[in-house]
Amino acid sequence: GEAESLPAVAPQKTIFVAIVLHLLSFTMGLPIVPALRQHFDIAVSQTGLITSAFPLGMFASVFVLPALSDRVGRKPVLVLSYCGVGTGFMLQALAVSFSWPFR
């Protein structure tokens, strides 16, 4: 069939793009860290709290989500993950808009 004739390169390219986007996600927020520090009046010594929140969440999810995916399936876990990321982005936007305190 046609599926048998597809080269094995397509999955490798997809995985490569996913890894590049994953690494890019770590660095996208760095240019706005000084503005966030100023907006929330955060000391330089506390900047690590902002910059480490996303990677620590990803690190924790690496251990939980694969096992959950094996139990309930890939799609529900992806939906849960996207909802969590979306909620985090909305809370971040609201915190900046309404000047919620960081501490």
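A single aromatic pair is found in this predicted model, where rings of Phe, Tyr and Trp (its six-membered ring) pair if their centres lie within 6.5 Å, and planes under 30 degrees apart count as stacked, over 60 as edge-to-face and the rest as tilted. The ring centres of F59 and F63 lie 5.1 Å apart with planes at 80°, so this pair is edge-to-face. Both residues sit in helix α4, four residues apart, and are thus separated by about one helical turn; helices (H or I, at least four residues) and strands (E, at least two) are DSSP runs, numbered from the N terminus. Residue numbers start from 1 along each chain as its sequence is written. Because the model is predicted, local features need pLDDT of at least 70 and side-chain atom pairs count only at pLDDT 80 or more, while totals for chains, interfaces and linings use all residues, and side-chain values use heavy atoms, leaving out hydrogens and water.

Helix α4 also packs with α5: their axes come within 7 Å and cross at roughly 135° (axes are lines fitted to C-alpha atoms, for helices over the stretch in contact, and angles run from 0 to 180 degrees between N-to-C directions). The two helices are therefore oblique to each other, given that angles under 35 degrees count as roughly parallel, over 145 as roughly antiparallel, 65 to 115 as roughly perpendicular and the rest as oblique. On the α4 side, L65, L68, S69 and V72 meet R74, P76, V77, L80 and S81 of α5, contact meaning heavy atoms within 4.5 Å. These residues comprise six nonpolar, two polar and one charged; Ala, Val, Leu, Ile, Met, Phe, Trp, Tyr, Cys and Pro count as nonpolar, Asp, Glu, Lys and Arg as charged, and the others, Gly among them, as polar.

Turning to α3 and α5, their axes come within 10 Å and cross at roughly 50°, so this pair of helices is oblique as well. L36, H39 and F40 of α3 make the contact with Q92, A95 and V96 of α5. Four of the residues are nonpolar, two are polar and none is charged.
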